[in-house]
Amino acid sequence: MTYLVLRNRDIPDIKEIDSYIANGGYEGLKKAVQMQPEDVITTVRDSGLRGRGGAGFPTGVKWNFIPKDAEEVYIAVNADESEPGTFKDREIMEENPHQLLEGSLIAAWATKAETIYIYIRGEYWDIADLLDEKIEEARAKGFIGQSILGTGWNCEVYTHRGAGAYICGEETALLNSLEGKRGQPRIKPPFPAVNGLYNKPTVINNVETLACVPYILDQGVEAFRQFGTEKSPGTKVFCMSGHVNNPGNIELPMGEEATFRKLIEMAGGMVDGIAPKGILPAGASAAILPATDEILDLPLDYESLQPYGTGLGSASVIILNETVDMVWAAQKMTTFFAHESCGQCTPCREGTYWLERVYERFDHQMADDQDIILLDNVAGQMTGKCICALGEFAVNPVRATIKHFPDDYKQAAARQAEQDAAPEPVAGD
Ligand SMILES: Cc1cc2nc3c(=O)[nH]c(=O)nc-3n(C[C@H](O)[C@H](O)[C@H](O)COP(=O)(O)O)c2cc1C
Ligand code: SF4
């Protein structure tokens with residue numbers, strides 16, 4: 001396997017700048033600064049690189065939205081990594097941090113930005129400290145600071161620690177948080193590329209997305225496109241967790257070579273050999289899939305899961321085995337979203353609250369068939385009515401588990417019916 005992103009698996013000390021440079025590091029940046037910024041954007045666009053933070057938006061297209069005459073541009077690196085089951089950005093930053101810094105600097109050159117903020121989740125405080133060290137290492141070699149590589153271009157990189165809110169991974173909430181405001185999403189449009197941090201044009205990219213960029217500049221578009229598919233080129237880091245023997249990150253080219261079956265195998269197989277029942281392809285936010293042979297053998301890329309009503313997202317794959325009651329699983333995810341809703345819009349704030357209340361009825365064996373209809377009804381009233389995607393994410397665990405695992409709900413509702421039918425205890429029993 002060729003690692004494009006997790007190169008630390010091949011070169012264990014790549015986090016040290018001398019090792020990174022000895023293994024081709026910062027060559028992409030050196031090539032980029034020899035090019036016109038717009039040619040760098042064209043190269044990234046032609047590579048077909050798509051955002052690894054969840055939405056899969058083409059990176060070069062996003063960079064191209066930055067107005068060419070902008071006087072002040074920012075790069076915001078999304079290192080919030082809060083999706084349940086996602087831990088890929090952590091490995092990149094801990095083990096291959098210069099690749100992220102190099103990718104961010106190339107993004108800055110391409111968009112003529114002079115400031116890069118790395119917004120990192122607060123729980124990763126030790127990684128933020130590490131990144132601060134790595135920034136200084138790169139500065140000492142002339143890759144950060146004044147007149148980078150003798151070009152006359154200045155660029156600074158700062159880390160900014162979040163404070164434990166999932167919603168601050170949403171790009172506009174992240175910008176508000178960076179500005180010192182409450183971390184709540186903004187209404188789009190305007191999009192950050194036009195009106196972002198401090199109302200200036202801003203590129204926001206995920207850590208893994210930016211970590212792909214040095215390879216594209218150094219090795220070229222065709223080299224990148226030899227991996228993956230026409231529409232989803234490159235590799236993807238899949239975060240494997242749940243009922244697998246060896247949870248962890250697995251990097252594979254998207255498409256034929258990456259299937260859930262292969263990922264489970266590479267993650268050491270199922271715990272105690274118990275068969276998989278459900279697959280969460282992207283943590284709590286994308287709809288769960290039943291672990292049928294058809295699903296297990298699907299080639300994974302940004303397109304393949306769409307006909308099944310779900311998506312690859314950040315590829316935080318959580319495998320749930322046959323022992324899992326999907327009503328219980330949906331309740332856990334609903335509680336998460338109710339807790340993380342920023343409360344700004346009524347359908348999300350109230351909807352997640354009421355979904356949580358109805359799931360409590362199932363938990364207390366007080367639910368009946370009407371409660372299944374009620375869940376679906378509340379979820380339906382949230383859909384399409386929220387400012388940001390969290391409101392949509394919150395609906396997914398409810399609707400997808402009702403759709404794919406109706407028997408779990410029927411059994412849960414039947415427990416109440418059994419209780420109702422049981423004879424009243426007689427005094428003295
Ligand atoms: C509720 C919510 C949470 C998100 N959390 C993250 C996150 O932790 N990391 C991330 O990179 N993107 C996250 N995103 C996606 C970002 O809004 C944005 O699409 C992404 O950072 C863009 O980078 P990319 O184009 O490189 O993927 C989240 C989106 C939503 C709606
Ligand atoms: S959908 Fe939810 S999380 Fe997003 S802005 Fe509205 S209330 Fe906040």
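1. The shell around ligand 1 holds 7 nonpolar, 9 polar and 6 charged residues. Here Ala, Val, Leu, Ile, Met, Phe, Trp, Tyr, Cys and Pro count as nonpolar, Asp, Glu, Lys and Arg as charged, and the others, Gly among them, as polar.

2. A caution on the source: this is a predicted model, where local features need pLDDT of at least 70, side-chain atom pairs count only at pLDDT 80 or more, and totals for chains, interfaces and linings use all residues. Residues are numbered from 1 along each chain as its sequence is written, while chains are lettered from A and ligands numbered from 1 in the order in which they are written.

3. In total, 22 residues surround ligand 1. A residue is near a molecule if its C-beta atom, placed from the backbone, lies within 6 Å of it. G51, G53, G169, N206 and T209 are the closest. Domain 1 (7–225) and domain 3 (326–419) both contribute to this shell, so ligand 1 lies between them. The domain bounds come from an automatic or database domain assignment.

4. Ligand 2 has 15 residues around it, and C342, C348, C386, C388 and G391 come nearest. Its shell has 9 nonpolar, 5 polar and 1 charged residues.

5. In β2, 5 of the 6 residues are buried (20 or more other C-beta atoms within 10 Å of their own, C-beta atoms being placed from the backbone). The strand is therefore largely enclosed by the rest of the structure.

Definitions and conventions:
Buried ≥ 20, exposed ≤ 12 C-beta atoms within 10 Å, placed from the backbone. Helix = DSSP H or I, 4+ residues; strand = E, 2+ residues; numbered from the N terminus.
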